[in-house]
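Please walk me through this structure, one place at a time.

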Amino acid sequence: MISSFVPGLIMIITSFLLPTIPQYFRHPAMLLSVGLSALSLFNGYGTFLEWDILGLNLILYQSDSLTLPFAIIFHIAAILVIIFSWHSKNLMEHMATLAYAGSAIGALHAGDFFSLFIWWEATALTSVFIVFAGNTNVAKDAAMRYLIIQVSSGVLLLIGACLMLYQTGNHNLAVLDLKTNFGIFIFIAFGIKAAFPLLNGWLQDSYPESSVTGTVALSAFTTKLAIYALARTFPGTDSLIWIGAIMTAFPVFFAVIENDLRRVLSFSLNNQLGFMVVGIGIGTELSLNGTVAHAFVHIIYKALLFMSMGAVLYRAGTTKASELGGLYKYMPFTTIFCIIGAMSISAFPLFSGFVAKSLIMSSLGGMGMVLIYFILFFASAGVLEHSGIKIPYFAFFAHERKNKVKEAPINMLIAMGIAAFLCIAIGVFPKYLYQILPYAVEYQPYTLDHVISQLQLLVFAIIAFLFLVKFKLYPSEIRSTVLNSDWFYRKMLPGIGKPLFKKIGLLTDSLYKNLGLSFKQVLSKSYKFSNLSYIKVTTPSFAGTILISILFIMLVIVLV
Amino acid sequence: MKKNDLKSMGKSFTKYILIIGALLILLDFTFHRHEYFSFAEIYGFPAFFGFVSFVFIVMLGKWLRKFLMRKEDYYDQ
C-alpha cells in the first residue's frame with residue numbers, strides 16, 4: 001500500500017512526526033522512512049496517481065526511465081546524510097533535511113508543471129531551514145537571500161505553467177523550446193536552480209554557511225533536481241551547450257583564489273553542473289545518458305567531499321584554507337576518504353567520475369564539437385586543481401599542524417566510507433550504472449586511448465602544481481572574500497537603492513509635511529467649526545506613509 | 001622531526017609522479033593513440049594540454065585577485 005504513495009511523501013510525514021519521537025529513535029525512524037519511500041523504486045514505469053482539482057488534472061506520481069536513476073540516487077543521498085548526521089541533536093535540521101529530501105524525490109515524480117511547482121517551492125521552503133541551521137548571523141542573512149531567490153524561481157515556474165496552460169490548454173511536462181514565452185519563463189526558473197552563469201550567486205553564498213551536516217544535504221538535491229527538470233523539458237536546446245561550457249570554465253578561476261574550502265567545493269559544484277548542462281544541450285541518447293550518469297556519480301563524490309570538509313569543520317572548527325593543514329596525522333581516515341572523493345571528481349580511471357564524464361566527452365567528440373570539447377577538457381584540468389588538489393592539500397597536508405584534533409566521529413566515517421566505496425565500485429564496474437541509465441547504449445569507457453589520454457592530462461596537471469609550488473608561484477591562501485555574481489544584489493543594488501530611497505523618503509516626507517500642514521490647517525479650521533478639540537493631527541513619518549499606502553491598496557483590492 | 005615527515009612525503013610523491021609522467025609519455029610512442037580530433041594525436045598532447053591549462057588557470061586566477069578579492073568582512077561593512 002505504502003509503495004503506491006507518492007515517493008518521498010512518507011519522508012515528509014515522518015519529518016513532521018519527528019518531534020514526537022524520542023531522540024534515540026529519530027535517526028532509525030528517518031532511515032526507515034527513506035527505506036519505505038524507496039519501495040516505490042520497484043513499482044516500474046507508468047502513471048500511478050492523478051488528482052482532478054479545480055478542473056486541472058494533476059499528475060502526482062509518474063515514473064519513467066529518466067526519473068528512476070535520479071530517484072535511486074536521491075534515496076542514496078538521503079541515507080548518506082542521515083548517517084552522517086547521526087551524532088547531531090538538532091531537531092529542526094533533521095526535520096528540514098528529511099522533508100527536503102522527500103520534497104526533492106516527490107518533485108521527480110511530478111507529471112505536470114503545477115505539481116512540479118508545488119514540490120519546487122517545497123524544496124525551497126524546507127531547505128532554507130538547513131541554511132538557517134548554520135546558526136550564525138551570516139548564515140541567517142544568507143538564508144533569507146537564498147529563500148528570496150529560490151521562491152522567485154518557483155514564481156517564474158508558476159508564471160510559465162499558467163501561460164502554457166492558457167496558450168496551449170496543456171500543462172503536462174513536455175519538451176519545450178525557447179520560442180514560446182512560457183518556455184523562456186520555465187527555462188529561467190530551472191536556470192536559477194541549476195546555477196546558470198550570473199544566476200549562480202545564491203549557491204556559493206548559502207551552501208558554505210550551512211551547518212557541518214547541512215551542506216551535505218544541500219549539495220545533493222536542489223541543483224540536481226534542476227538538472228533533471230532541464231533534461232526532461234529542454235533536451236537538445238543548443239544554447240545549453242554554451243551555457244554549460246561557460247559554467248564549466250568560469251567557476252574554476254574563482255575556486256583557485258577562494259579561501260573557504262566549502263566555498264571552493266560550491267564553485268566546483270557549479271563547474272560540475274556545467275558538464276551536465278552541456279550533455280542536455282547536445283541532446284543525443286549518449287549525451288543525456290552522460291548527464292544522468294554524471295549527476296548520479298556527482299551526488300556521491302560531492303557529498304563525500306562536503307562530508308570530509310564537514311568533518312574537518314566539526315573537529316578543527318574552520319574550513320578556511322589559510323588556517324588548516326597537517327590534518328592527515330590526526331584524521332587519517334577522513335584524509336583517505338577525501339582523497340578518494342577528490343580522485344573521483346577529477347575523473348581518474350577506476351573512479352566514478354571517469355566513467356560518467358567520458359559519456360559526455362565522447363558525445364561531444366562524436367559530433368565534432370571541437371571548441372566545446374576542449375573547453376571541457378580544459379575545465380577538467382580545473383577540476384583537478386580545485387577539487388582534486390586544493391581541497392585535500394590545504395586541509396590535510398600543506399604544513400604541519402600544532403594543535404591536535406580528533407578523528408571524525410564513527411557515524412561520519414561510516415557515511416564517508418559508504419560514499420567512498422560507491423565511488424570506486426562504480427568506477428570499477430560501470431556496467432551497473434549504465435544499466436539504469438535512460439537509454440540503452442553500448443559504451444566502453446576503458447579503452448587504452450581514453451585511459452592514457454586522461455592520465456596524461458591529470459598527471460601533467462599535477463606536475464604543473466608541483467612545479468608551481470616548487471618555484472613559489474602557487475598563490476598563497478589569504479583570508480578574503482571573493483566577489484561573485486551575488487555582488488550585484490548584495491552590494492550594487494543596495495548601493496544604488498539605499499541613497500535613492502533615502503532621497504525619495506526625504507522628498508515624500510517633505511511633501512507629506514506640507515500636505516500635513518495644510519491638512520492640519522483645514523482640520524483646525526474644521527474643528528474650530530465643530531469644536532472637536534480631541535482630534536490631534538501629527539505628521540506621519542515615511543514608514544507611516546508606506547503603511548497607509550499599503551492599507552489603502554489592500555482596501556482597493558478587497559473592494560474590487 | 002615532524003617537519004621532515006611532510007617534506008619527505010612531498011619528495012617521494014614528486015618522484016613517483018615524475019616517473020609515472022615519464023612512463024605515460026613513453027607509452028605514447030608505443031601505440032597510436034586514437035582521438036576524436038587529429039591534432040590531439042600528437043605525441044604527449046594531453047600531457048602538454050594538462051600542464052599548460054593548469055598553469056594558465058592558476059596564473060589567471062592569481063591575476064583576477066586584483067579585481068575580485070576583497071577583505072573578509074567586505075559584506076558586513
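The paragraphs below visit a few residues in turn.

This is a predicted model, in which local features need pLDDT of at least 70, side-chain atom pairs count only at pLDDT 80 or more, and totals for chains, interfaces and linings use all residues. Residues are numbered from 1 along each chain as its sequence is written, chains are lettered from A and ligands numbered from 1 in the order in which they are written, and side-chain values use heavy atoms, with hydrogens and water left out.

Start with helix α19 of chain A, residues 448-470. Helices here are DSSP runs of H or I with at least four residues, strands are E runs of at least two, and both are numbered from the N terminus. A:K470 belongs to this helix. A:K470 has a relative accessible area of 65%, so it is exposed. Exposed means over 50%, buried under 20%, and partly exposed in between, with a 1.4 Å probe and protein chains only.

Lys and Arg count as positive, Asp and Glu as negative, while His and the chain ends are not counted.

Beyond neighbours within four places in sequence, A:L455 is in contact with A:F348, A:P349, A:F460 and B:L24. Contact means heavy atoms within 4.5 Å. A:Y512 is 57 residues from A:L455 in sequence, and their C-alpha atoms are 72 Å apart.

Now turn to chain B. B:R65 sits in helix α2, residues 45-68. What is the nearest side chain of opposite charge to B:R65? That is A:E477, 4.7 Å away. B:R65 is buried and has no salt bridge, which is a side-chain nitrogen of Lys or Arg within 4 Å of a carboxyl oxygen of Asp or Glu. Leaving out residues up to four places away in sequence, B:R65 touches A:I257, A:P475, A:S476, A:E477 and A:I478.

A:N135 lies between α5 (113-132) and α6 (137-168). Phi of A:N135 is positive, near 60°. Most residues other than glycine have a negative phi. A:N135 is exposed, at 58% relative accessible area. A:A398 lies in the loop between α16 (370-396) and α17 (410-428). Phi of A:A398 is likewise positive, near 60°. A:A398 is partly exposed, because its relative accessibility is 27%.
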